[in-house]
Amino acid sequence: MNCTECKELLVVYFEGLLEDVQERAVEEHLKHCEACRAELKELQTLRQRLVHGARATAETDLEDRVMNRILQEQNERLRLAEQAGTGLRFRRLIMKSPLTRIAAAVVVVGCAIGVMLLAGTESVALADVLARIEQIHAFAYRTSMTIEDPRTGTTKMDGGVLVSNEHGMRIDQTNVNLHEGQETQTRLVTYMLPREKIVAVVNHAEKKYARMSLDDAMLEIAKTQNRDPRQMLKALLSCDYKDLGTSVIDGRRVQGFETRDPKYLGDTRENVHVTLWVDVETRLPVRSETEMQIGEGIQFVAVDTDYQWNVPVDAAEFKPDIPNDFTADPMDGTQMPSFSEEGFIEALQMAVEFTGRYPKTIDNEGLRQLSMDIGNAITTSDSPAAQQWREQIKSAGSKENALRAGQERMMKLMALTMFNMILGSQQRDPVYHGDVVTPTDVELPLMRWKSSDSEYRVLFGDLRAETVDAETLAKLEAALPK
Amino acid sequence: MTETDQYYVERCLDGHPDDFRHLVRRYQPVLLAHLAGKLANRGAGFRNVRDSAEEAAQETLVRAYFKMDKLKKPESFFPWLLAIADNVAKEQQRKEIVRRRRQSVRECCEEAAPPELSEDYGLEAVVAGLPEAYRTVILLRYYGGQSCKQIAEQLEMPLGTVTVTLSRAYALLRSALQQKQGDPERNVPRPGPQEVNEVNR
């Protein structure tokens, strides 16, 4: 046996895996060869190091820790699965209040409108239509909406809308919700009153009412909600839209316009398809159709018809009509959440307190997920916020009070989508990074939007806000992972 | 503890989560060594390699448990586990980089201190840098405490291939360790194609 042969067998040799003949040959060679002996020694030292290293890592005992974590997580998952029910129940509880329903409608509808301020246009026809409507001081139309949500069933809303430049807006609607074979009917009258800065809702099915105050930001939304044709036109004009040519509706010659431009919703991510038919003679809208998908699987369709222009308006129609035997809803007298920077920060703060992180997105789907997570956290989490909430529920005295406090807090979350949407509609370039930024990322930008032509407002991972120039912003965003 | 990985994987999938314990026991030192090596390598600059590796090993095992239904070949539990570990290690490194970047922004003009290679896990770092076939055999043999025969059975290769791979792994380890002494930044040399072929038979 020569040295090369021997060296190749050394590892196998000390592993004790050589056949007898070979083993003897290696041993014989080693007796006479100092170089191979040195090599063997070196290999054995290395082996010793490996064994030593192995001993050090073997000292660990992950077993119990891993098994505990698995059990915990398994239970959590089971509980969540069981509680997909509870989460939903909780959500339904929230959705049950007529007020929140209206608030939810504000989200949906505000989203449909996407408040865009008109900035120049090449289109003669549509701009012309807008100019015509802007001279109108009051108008009315019929509206019918269908919202299909796999989680809450199908809701159909039919109603009439009266809009007055002077007094505000009044919506008379009947909602029918069909969910799991159960039909619920609600008749609501909603008043948006900009002068008083309130929204009032009268629920004729439950004989309840509530008046809630609005701040200026919310008023802006309220003004533009419910597919006010003026806002629809402004939005259409700032989008890519298509002229559909002429057609006939109710014996009148009409011209159609259509858009699928996501800008219509201020670049929130929902698919949108809007069609507007305008009377060729009067240059006033005759019919509008709004279709969109919200988050996962919610389908929203609205059709507005029977527009009447410059209708006579009686101030009394805008005075909330509350029959004597109606009682105040727990939400009566509360403040609608603020959709300002402060409100937005407060909502994010709440997300962190309950879930320990920021929502991945702040569109409607993100909001839905967050309210479910918070709903679950309230019942299962040991976080101080959840414990405090549970204490509050216990000490609220009555179910009503607990519900009211809960609702008021949950509604604050709406600032997440609304604030973002308002910024989007004002083309202030909002970008949210909650998918990668955590509450400990104090130097990373969680959200930013334009505060002036040359400056951006930046909200960092720790929710501190600063105003920076575009160059600084670019540096900050370059540091984001991915 | 003598049952195969496949047996325990199937037991877990059949609704006996406690049997995962056996797999944890079997692979925790291997995982820890592998992760310590990974994290000590590449100048990741972890303050405490041991803690980070333990955390990563825990995370890896928990993830493996909950993803087990996605494991197509239950007999390949170990390579699959290492792949998860690699992902976890990468995520940790990314987080660490972000953390340090933040820190260096805070420290402004000051140059970020060069990451220190962990002395404690120098050997594991070199092992983690070995090509997969060699790494697997070293990890299983020493950190997993398996005999060459057991490794041959588990990896479904002839005993001869295992011993050849082991010998080669020693050679690679030695030269890598020597190089590291001279130049701590250098990585383990990749073997030529014929060597890889040899391992793959």
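User: How much accessible surface does chain A have, and what share of it belongs to carbon and sulfur atoms?

Analyst: Keep in mind that this is a predicted model. The accessible surface of chain A comes to about 23,000 Å². Carbon and sulfur atoms hold a share of 48%.

User: What percentage of chain A is buried?

Analyst: Chain A runs to 482 residues, with 14 helices and 16 strands. A residue counts as buried under 20% relative accessible area. For chain A, that comes out at 50%.

User: How many helices and strands does chain B have?

Analyst: Reading chain B along its sequence gives α-α-α-α-α-α-α-α-α. The tally is 9 helices and 0 strands.

User: And which share of the contacts in chain B with a separation of 6 or more comes from residues 24 or more positions apart?

Analyst: Chain B has 201 residues, and 52% of them count as buried. Contact here means heavy atoms within 4.5 Å. With that cut-off, residues 24 or more positions apart account for 67%.

User: Which residues form the negative surface patch?

Analyst: Asp and Glu are what count as negative here. The patch sits on chain B, and its members are E10(B), D14(B), E75(B) and E156(B).

User: Is D14(B) buried or exposed?

Analyst: D14(B) lies in the loop between α1 (5-13) and α2 (20-40) of chain B. The cut-off for exposed is over 50% relative accessible area. D14(B) has 60% relative accessibility, so it counts as exposed.

Methods
Residues numbered from 1 in each chain as written. Chains lettered and ligands numbered in written order. Predicted model: local features only at pLDDT ≥ 70, side-chain atom pairs only at ≥ 80, totals over all residues. Heavy atoms only, no water. Patch = residues over 30% accessible without salt bridge, like charges linked within 9 Å, V, L, I, M, F, W, Y side chains within 5 Å. Areas by Shrake-Rupley, 256 points an atom, 1.4 Å probe, with all protein chains shown as cover. Salt bridge = Lys/Arg side-chain N within 4 Å of Asp/Glu carboxyl O. Charge placed at Lys NZ, Arg CZ, Asp CG, Glu CD. Helix = DSSP H or I, 4+ residues; strand = E, 2+ residues; numbered from the N terminus. Buried < 20%, exposed > 50% of the residue type's maximum accessible area, 1.4 Å probe, protein only.
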